[in-house]
Structures are given as C-alpha cells and as structure tokens.
Amino acid sequence: MYDVCPNQNDAYFVLDGVQIRTVCASIKDAHRDDIVLFTFDMPYNFSGVYTLTECPAAPVIRCKNIDSISETTRGLVVNSGNANACTSSQGLDDIEYILEPLASHYKINTSDFLMCSTGVIGERLPVDNIRDALSKITQQSQSQTFHDAAKAIMTTDTYDKCIRKTFTINEQEFTLIAIAKGAGMIAPNMATMLSFIFTDFQIPRSMHRNILVQSVEKSFNLITVDGDTSTNDTVLLFSPPEKENTQYNAHDIETFTNTLDVVNKTLAKMIIMDAEGARKFIRVRVENAQSYEQAKKIALSIANSPLCKTAIAGEDANWGRIFMAIGKANAGIVHDKISLYIGDVLVAENGHVAPHYIETDLDTYMKNKEITLTVNLALGQHNIEVLTSDLNEQYIAINADYRS
C-alpha cells in the first residue's frame, strides 16, 4: 500500500505511538501553523544524517551532539520561518530556553527533545512566541496527522510533502510515514531540506544508522535544485525500541530497507518537482562509468550547471553545454568515448555530434515538462541518476524577495 498525501485519506497519516500537534507562533506568517511537536509514548530510537556545511545552524549542532551520546529521544520540535543559523552560542541557548517548559511539562530533560529549524538565516528565533505556542499545544488532547505536520514545516514549498507506505514482515503489517520540506537551497551533502521518517517497525539498533545513511545516499544526496547546501539539512529516522527476543533475518531487514528507499526516493522527487520556480523536471543519467564516484561527480556537474539548466528552461537543445559540464568535473573521462542522448535522440557519439543528428528532431521533446539526459561514458559498469530542475526567472524572483 502506498499513499502520497491524499487529502481525503488524512486518517491514514497517523502512527501508533507518535503524537503530533501543530500551532502558529507567528514566526514569519501569522496566518499559518509554523511549529510542530512530535512526542513519543516511550523513548524512541533515532539516527540522523546532517549537513556537511562548515556553517551549521544551532539546531544541527545540537542534534549532532545529542546523537553522539544518546540513542533515544522522547520528541522533536520543528519550526519554519527562521533557521536559527549564524546565531552563535545564542542560538543554542535559545533552544534550551524554548524547550525548558516543554521538558518540565513531560517531566524529562531538555536533551530528551530534538529541535530542527528552517527559514531565514542570521536572525534570532522569537523565543517567547515559540515558548508560548508550545505551552498551548501541550494542552491539546487531540493528536493531529503527519499531513498537518508536513504543512507546518513548509517555507517556499508550494505543497506539503508526505508519504505513507506499509510493508509486511512475518505476517505482521508495519507502516512507514515520512515528511519533508524543501524547494530551494537544495544540494544535500550528507537543501533548505528537512526530512523526518517514522516507523512502527523495531529497527535493530545495531543497523539503525547504517540503514539511514545508505538510504539517504541513494535518494536525498542525488537531487539538486541550485547547488547550494543548506546550513540546516537534516534527515532523522525514528523507530520504537526493540522488543526482547525479537529477531529479524536478512530478508526482513531487506524488506524494510527497500521500503525506506522507495519512501525517500519519492520524497526526493517531490522536492525536485516543487523546486522554486521550476517548470522542468530533469533526470541526469550517467551510465557505464568506471566508479560510482565518477558517475556521481559528472551527473552533479551537469545537474548543477546554470548554463545547462537555463538552456533546458529555454527549451534549447544546446548539447555543447552538457559536454562542458562533463569536462569541468575533471573526473577522468575519455572524451572520444562519450555518447549523449537527450530523450531518445542520439545527439553525440564518440565525443562529437552524431552523424544523423538533426536538432529539429528535438524541438517537440524539449517542450516536455520532464527531460532526460543520458551520458554514456563507455568506461565501466557503474550507473547513476540525479534529479534536478530548470533555472528560470521565477527562481530569481522568489529568492530576490525571500525575506519580505
């Protein structure tokens, strides 16, 4: 079973053991919820993958610190509208101040709560607004849905990103639900990108982090909108603690990891489909590379090239720009072995224009909303696909006016 945020099925987007509450703290907009509080009925296992930027936001620094000393958490607070980045030690102090009454309410420590933020960089959180808002939602008896949570963490997103998938192990049905936000500043290196993944499957603690890291590499780390890695990128995976005498074999774990991969790849695609100002969804495929690393380097070089992205935005089959991006990657290619397809049309082979290529053959294809570029390096057996979007005047308009 597989659902992507069907509004008519909101009741599906709940998970036993996870309570959700959202509220408006008027961080940037007084007319929408911008805080979400997740709480767990018991200490949940968690693992995180975080931005590799050398300018991490305060919430990232704190999450990583907690992650390094603890395997469990009792909850997560997420705010949109303010990234709490470039705020020095004050940003960390503000998080503790915000969480103190919340921790007191649940009779636990502030370190038992994680916090993530997204939004404008370089401004302090409105700490009193957020404390007051959290006090209000702790009084709410009714838990909300992951669909509500996905809406509360949006910034420039035009729609909420939420997915639910069920899977069966040992004749028992389990559920995995994940939400994400991201539309610009997307070039995860682990966008502003956040993703939170929840399951009722008891992931073996020894495999928890490795499962997440491998899945992120196959999904969120293979997308890019603008080549800009955020100060706040965070992916967190939550699961209930293992029950005594519970044992899973390799096939069981594979069933879960395959489900997780499908969920994360779907969210990653949703982020690209919602890229700021985008009109085109672009697949960049690099085939027959010597190594995975070579394939990834070249694919990202193409996907992050402003010249390639603007050519596609203008529906111009300027294939020379793609070769430019391949070459600048300095990945050890052999120029005279390269073939390039745009859609199903062979544009270049052996490093130069294909003998039977006629540019007008591509005129209709370039008008499609989905464009596929396939580069065959003819050097090995490693393949990769990176997802990206076009770059047009609307992206500039959104980001020129981001803080207003």
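D261 is buried, with 10% relative accessible area. Buried means under 20%, exposed over 50%, partly exposed in between, with a 1.4 Å probe and protein chains only. D261 meets K218 in a salt bridge, 2.8 Å from N to O. This pair links distant parts of the chain: D261 sits in helix α6 (residues 250-273), K218 in the loop between α5 (208-217) and β9 (234-239), 43 residues apart. Helices (H or I, at least four residues) and strands (E, at least two) are DSSP runs, numbered from the N terminus. K218 is partly exposed, at 37%.

A word on the source. This is a predicted model: local features need pLDDT of at least 70, side-chain atom pairs need 80 or more, and totals for chains, interfaces and linings use all residues. Residues are numbered from 1 along each chain as its sequence is written, and side-chain values use heavy atoms, without hydrogens and water.

How many salt bridges does the structure hold? There are 14. The criterion is a side-chain nitrogen of Lys or Arg within 4 Å of a carboxyl oxygen of Asp or Glu.

Next, K161 and D274. Their side chains form a salt bridge at 2.7 Å, N to O. K161 is buried, at 0% relative accessible area. D274 is buried too, at 5%. D157 joins K161 and D274 in a network of salt bridges.

Then R209 and D67, bridged at 2.5 Å, N to O. Here R209 is partly exposed, at 31%, whereas D67 is buried, at 8%.

Finally, the whole protein. Of its 404 residues, 54% count as buried. The secondary structure comes to ten helices and 15 strands.
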